[in-house]
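Visitor: I'd like to learn how to read a protein structure. Could you walk me through one?

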Amino acid sequence: MDGSGSLKKTWIMVHDGSIVKNHSIECLAFANIVTNIQRAVDTIGISKYGKDYNKEDCRLYFNELKEGSVAVPAYPLSCGTDLNGEMPYLKIMDCFESLLTTLSNDPNSFESELEKEVSDTQSRIGFIKSIIPLTQLDSQIEIKAAVKQPKHGSVIPNYQNKYLNELLFELGASGILTIHGVIMGIRGDKKRYFILKSKKNKTIKCYYAPELESTVKELYKKWVYVTGNLVHKQKTSHLESVTNIEEQQSESLSQIGRYPLKKPVEFKTCYDLEDNLWGLVNDELALNGYGTNYENTISSLEEELEGHVLSFTECPDEQHSEGSLKIKNELKKYIDFQAVLAEMDKKYGEE
């Protein structure tokens, strides 16, 4: 098979950035991209087909570059079928694209989608580890199975890098990871560590060197990103040798609870020392969520959003102040009011 027929090729489109200029791409950077894409394909294939997975049926080759910024059509030289007469290559690429689309458009559903499509935990970890290096590039990458060069594909979202690291932690992966949460306490004498409460309400000991002492104290009771070597034991997890710690000053949400947003919204992060509450605040949208943990904070935002929608749909504009109407117009940029009302009927109709 020479790839020139009607077989769908896997188009890898890399847009302008530090590794792409004038429709040309650095060789080492490109090698890293295609290697990780191949690993992701094989991980899905092994998960779905087990010992019956034939790597050669999904081994990608390329022999030409297109203007994209850079677009590369890759395809297997041979393409077998499974017991149902379907091509594993096409089924695997459909799955790959679906996972990327969910990660970009509905990250709250990504974990459940990954569980459905990839059969075991280690394969899920392997898939995420293949994707993370591609989210660290400033050149956007898109993937699409098509016979001819498509205009767009499924995006590998670089803004989801920290979310994927967090998911690796939740799945039990070890190694160098970045975790975010709130520093809740500083302990130890000879071997210092701080207590990090993660977004999934897990407690992690994070051991750090003396030179980070002032930084840790400065960031006490604040949202942070912490990078280090994650080690799992039977009942606990801890970060050995923290290599980096920085404040997380904002959180981007593409969904608030059960309500998807038209585009991501940036919230300022804060921590209420008096009442020990996590906080997410957006003054322009008058959305202020506070809770004893991350989950409760999102629930608080969800309730505020519902209250705004009810107020703006049940009361005519003349009953609202000028400032209130400004908030309404801003909310409409991100929220479909009628979709929220329909979802609220389902939510409260169940109670």
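Guide: Let's start with a polar contact: a pair of N or O atoms within 3.5 Å, where, within protein, one must be able to donate a hydrogen and the other to accept it, and residues adjacent in sequence count only if both atoms are side-chain atoms. Helices (H or I, at least four residues) and strands (E, at least two) are DSSP runs, numbered from the N terminus. Here, at the start of α4, a side-chain oxygen of Asp-120 comes to within 3.3 Å of the backbone nitrogen of Gln-122.

Visitor: Before we go on, what kind of model is this?

Guide: This is a predicted model, where local features need pLDDT of at least 70 and side-chain atom pairs count only at pLDDT 80 or more, while totals for chains, interfaces and linings use all residues. Residues are numbered from 1 along each chain as its sequence is written, and side-chain values use heavy atoms, with hydrogens and water left out.

Visitor: What span should I expect for the helix α2?

Guide: The expected span is 1.5 Å times one less than the number of residues. The 18 residues of α2 should therefore span 26 Å, and its end C-alpha atoms are 25 Å apart, which agrees. Helix α4 (residues 121–135) has 15 residues and reaches 21 Å from first C-alpha to last, close to the expected 21 Å.

Visitor: Which residues of α4 are buried?

Guide: Buried means under 20% relative accessible area, exposed over 50%, and partly exposed in between (1.4 Å probe, protein chains only). In α4 the buried residues include Ile-125, Phe-127, Ile-128 and Leu-134. Contact means heavy atoms within 4.5 Å. The buried residues of α4 pack against several elements, among them α1 (27–49), α2 (88–105) and α5.

Visitor: And how many residues of α5 are buried?

Guide: Nine of its eleven, so α5 is largely enclosed by the rest of the structure. Among those buried are Asn-161, Leu-164 and Phe-169. Just after α5, Gly-172 takes a positive phi of about 90°.

Visitor: How far apart are the C-alpha atoms of Leu-261 and Ser-119?

Guide: They are separated by 30 Å, and the two residues are 142 residues apart along the chain.
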